[in-house]
Amino acid sequence: MIEQKRHLVTEIPGPASRARLDRKKTFVADGVGTMLPVFVTEAGGGILRDVDGNSLIDLGSGIAVTTVGNSAPAVVCNVQRQVEAFTHTCFMITPYDGYVDVCEQLAELTPGDHAKKSALFNSGAEAVENAVKIARVATGRDAVAVFDHAYHGRTNLTMAMTAKNMPYKQGFGPFAGEVYRAPVSYPFRDGLTGEQAAARAIDHLDKQVGAGNLACLAIEPILGEGGFVVPAPGFLPALAEWCRAHGIVLVADEIQSGFCRTGDWFACDDEGVVPDLVTTAKGIAGGLPLAAVTGRAELMDSVHTGGLGGTYGGNPVACAAALGAIEEMRTHDLAARARGIGATMRSRLAALAQDHPVIADIRGRGAMMAIELCTPGPDGPEPDAARAAAVNAACHRNGVVTLTCGTWGNVFRFLPPLSIPDDLLQEAFDVVAEAFATTA
Ligand code: PLZ
């Protein structure tokens, strides 16, 4: 394991990274952005090492992917074994055990004890698209309900489902039709109880779409890119109840919140919400591309044979990685570790908020925590995206990889790998505190 120590030997990014950034500019399309252009050579635990020899603390996990840590032992071991045995057959041509093993794990781990089946894909967006396909076939209906601040991907259908225009949608339309957006529960901004916010969303959908026209309602149980918004308690259960009453397929998009990130296997577990379909990706496979739709067996089976698939979906190497990642989560009780990390982060952030009133809200669950930065305005809190960007840049300069998010870009989020040692986590928050103290 790479040494677990923050150590900077050059400015960030250093000269070797800057030279590579010039090459990137020559050969990589400008549309593919890079938030922190340090070129990585090695990573593990809570550290990313770059080409200049700097060691940075990772509070992003490559956007909630390396939950078990980079190159986690069971992932490496399974992948090495699989890559030597065979790399691809295409599961639709000749199958293999790894795919079925992952589906069996998903049946056991996702919320609810009903019979479940899964289909595997490559990316989160692909999983969301397939969940919608399944819901449409199962219900014979077209309409899809999504929420304000939602993020579901960058493909044509999932762009339509994603709320924020820049940078995800600008210029890329026309978008898929029959997607309807409802107001979400955003306790910091709306002050509503979960039940009140659900009643508002349901009334909106009832009047503007009609419950009987909805194939599915897709929701992130904790919003990810939209700002780590945790809906008020009662919101998700009330929506689940309404979906059940009207034959609407409830799709929980657990792509960012799933696989121990929030301190449970899935964020829905917190309130005992049992979705009809769950989409997963990111944390499922320790960094290899894998995604899944898991759901009620009868719903999943409503699609004709051959209707779901793709050349690489459930690639054997990615499946081997997923089995390794799940083994790491089970053996090290990473859900409990996420709760511990969450408690540390919350107390550090609460202390920080005492000194910096710009920290207007602290929210999240487990190792998925964020702060929303605002200044007081005549009509309520005004998003302070400039401060979020300044603090983010100061963290980067000092060797801590942090991320922002949110519709207004004013949310500063923390997604450490669950393999991060305690002292490194504390040191990272010392750097965050210093970043607040030295920016205005
Ligand atoms: N659903 C809830 O968080 C991916 C996007 C990064 P893909 N979020 C990170 C970016 O700017 O592209 C995400 C998510 C939720 C779906 C997705 C999409 O997953 O694997 O990126 O397609």
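## Around the ligand

Of the 15 residues around the ligand, the nearest are Gly124, Ala125, Arg154, Asp253 and Gln256; here, a residue counts as near if one of its heavy atoms lies within 4 Å of the molecule. This is a predicted model, where local features need pLDDT of at least 70 and side-chain atom pairs count only at pLDDT 80 or more, while totals for chains, interfaces and linings use all residues. Residues are numbered from 1 along each chain as its sequence is written, and side-chain values use heavy atoms, with hydrogens and water left out.

By class, the shell splits into five nonpolar, five polar and five charged residues. Ala, Val, Leu, Ile, Met, Phe, Trp, Tyr, Cys and Pro count as nonpolar, Asp, Glu, Lys and Arg as charged, and the others, Gly among them, as polar.

## Polar contacts

A polar contact is a pair of N or O atoms within 3.5 Å. Aspartate 253 has a polar side-chain atom 2.7 Å from a nitrogen atom of the ligand, and for glutamate 225 the distance from a side-chain N or O atom to a ligand nitrogen is 3.5 Å. Glutamine 256 puts a polar side-chain atom 2.9 Å from an oxygen atom of the ligand. On its own the ligand exposes 510 Å², and the protein buries 82% of that (areas by the Shrake-Rupley method with a 1.4 Å probe).

## The largest pocket

The ligand sits in the largest pocket, meaning that more than half of its atoms lie within 2 Å of the pocket's grid points.

Two or more lining residues come from each of α2 (61-64), α5 (124-139) and β15 (403-405); helices (H or I, at least four residues) and strands (E, at least two) are DSSP runs, numbered from the N terminus.

## The second largest pocket

The second largest pocket has a volume of about 490 Å³. Tyr99, Ser118, Ala119, Gly306 and Leu308 are the closest to its centre among 22 lining residues. The largest share of that lining, five residues, comes from β4.

Technical notes: Polar contact = N/O pair within 3.5 Å; in protein donor to acceptor, adjacent residues only side chain to side chain. 1 Å grid on protein atoms, 1.4 Å probe; cavity = no way out; pocket = protein on both sides within 12 Å on 5 of 7 lines; lining within 4 Å. Points joined across faces, edges and corners; volume = space filled by probe spheres on them.
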